[in-house]
Amino acid sequence: MRLTTKSVLLGLPVLFGAALAAPAQDMSEAPRVNELEARLNVDSTLFNATIDEEPSDDMLELGRLVAMGGAENGGSGMACVTCHGANGQGDGAGVFPRLAGLPGWYMYKQLEDYAEGTRPNRIMTGIAQRLTEDEREAVASYYAVVEAPWPGPQAAAPISGDQLQWGGQLAAVGSAEQGIPGCVNCHGPNGTGNPPSVPYLAGQYAEYMSHQLQLWREGTRQNDAMGVMETIASKMTDEDMRAVSAYYARVRPGLESVTPPAPMDDGEVAEIETETSDLLSDVD
Ligand code: HEC
Ligand code: HEC
């Protein structure tokens, strides 16, 4: 299905402006496949619900290449690491979501949805459309396997104690009065996600998260197969969205101990840069 121009234009101007102002991130730190082995057997990296398959090394290599802006066939024309970071850590301003460790199948589905227009976005729609099927799969499995340090609760925007408490309550039990179910029912007991289809909320940026809830409420993002998120968001006030997002931005169980992979030396970086520019010139 091809997109209409109208749906491509639906993305928010604020995101567009921020993307243009995005600082180029250092690509040299994108972890190599051999550094990822340890995480290959984690649930979120298994590619889909019925096939318990670990991504192959070839797939991860291709994913890493796509993340760095290279490609075999199509390529996105833009390195994912520019906005999402070498380790998929996203950005602190909360415009570019954290991708590290999101379920591979969930991310693959998002790329399909961006491309097909059920999740229209000015930036991601074009990028996803330019990727081949294999590249979408590969880059999704790559980001599912990488792990990035978490900036910690102090990095989240300040919020009052009352709001934070309300956010925690919505997360845990929802609101019977407003007909909102607790997020934990699907997003996992600590918001750590429920692979393959339900993303983590814990440690995601608050700005990004509340923006997604608004997009669902206004009907722009309509890619949730069962429509549950549209329904939930339609019952939430702006205040609820801010509170629950601020709460989740402050919790990230199990990540404190993660050490980012060692940076590469200059020789390795030069080699990757050459590899990438060769591939890019092949594409042109
Ligand atoms: C110019 C900046 C930019 C580049 C380059 C970019 N992205 Fe994004 N990405 C964004 C923004 C902004 C969003 C949030 C859009 C929205 O509101 O849906 C996003 C969202 C996503 C999401 C959804 C995450 C979630 O939690 O649902 C995925 C997956 C993703 N990008 C993957 C990629 C991949 C893979 C690449 C490279 C092929 C890439 N992005 C390149 C800016 C970028
Ligand atoms: C019945 C199951 C269910 C419940 C309950 C639920 N969610 Fe979700 N949520 C999902 C699914 C499934 C997705 C992925 C949809 C898709 O494919 O894009 C999702 C996605 C999201 C996303 C998008 C994350 C991203 O990375 O873009 C946000 C934000 C979100 N949910 C917030 C919440 C909040 C807040 C609550 C509680 C008030 C909640 N959800 C309760 C099933 C649920």
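The shell around ligand 2 comprises 15 nonpolar, 7 polar and 2 charged residues, where Ala, Val, Leu, Ile, Met, Phe, Trp, Tyr, Cys and Pro count as nonpolar, Asp, Glu, Lys and Arg as charged, and the others, Gly among them, as polar. This is a predicted model, in which local features need pLDDT of at least 70 and side-chain atom pairs count only at pLDDT 80 or more, while totals for chains, interfaces and linings use all residues. Residues are numbered from 1 along each chain as its sequence is written, and chains are lettered from A and ligands numbered from 1 in the order in which they are written.

In total, 24 residues surround ligand 2 (C-beta atom, placed from the backbone, within 6 Å), and Cys183, Cys186, Pro199, Asp224 and Val228 are the closest. Two or more residues each come from β2 (180–181), α9 (184–187), α10 (206–217) and α11 (228–234); helices (H or I, at least four residues) and strands (E, at least two) are DSSP runs, numbered from the N terminus.

Turning to helix packing, the axes of α8 (residues 161–172) and α12 (residues 238–249) come within 7 Å and cross at roughly 85°; axes are lines fitted to C-alpha atoms, for helices over the stretch in contact, with angles from 0 to 180 degrees between N-to-C directions. The two helices are therefore roughly perpendicular (65 to 115 degrees). By class, their contact has 9 nonpolar, 3 polar and 1 charged residues.

Ser210 lies in helix α10 and counts as buried (20 or more other C-beta atoms within 10 Å) because it has 22 such neighbours. Ser210 and Ser245 are 35 residues apart in sequence, yet 5.8 Å apart in space, C-alpha to C-alpha.

Technical notes. Parallel < 35°, antiparallel > 145°, perpendicular 65-115°, else oblique. Buried ≥ 20, exposed ≤ 12 C-beta atoms within 10 Å, placed from the backbone.
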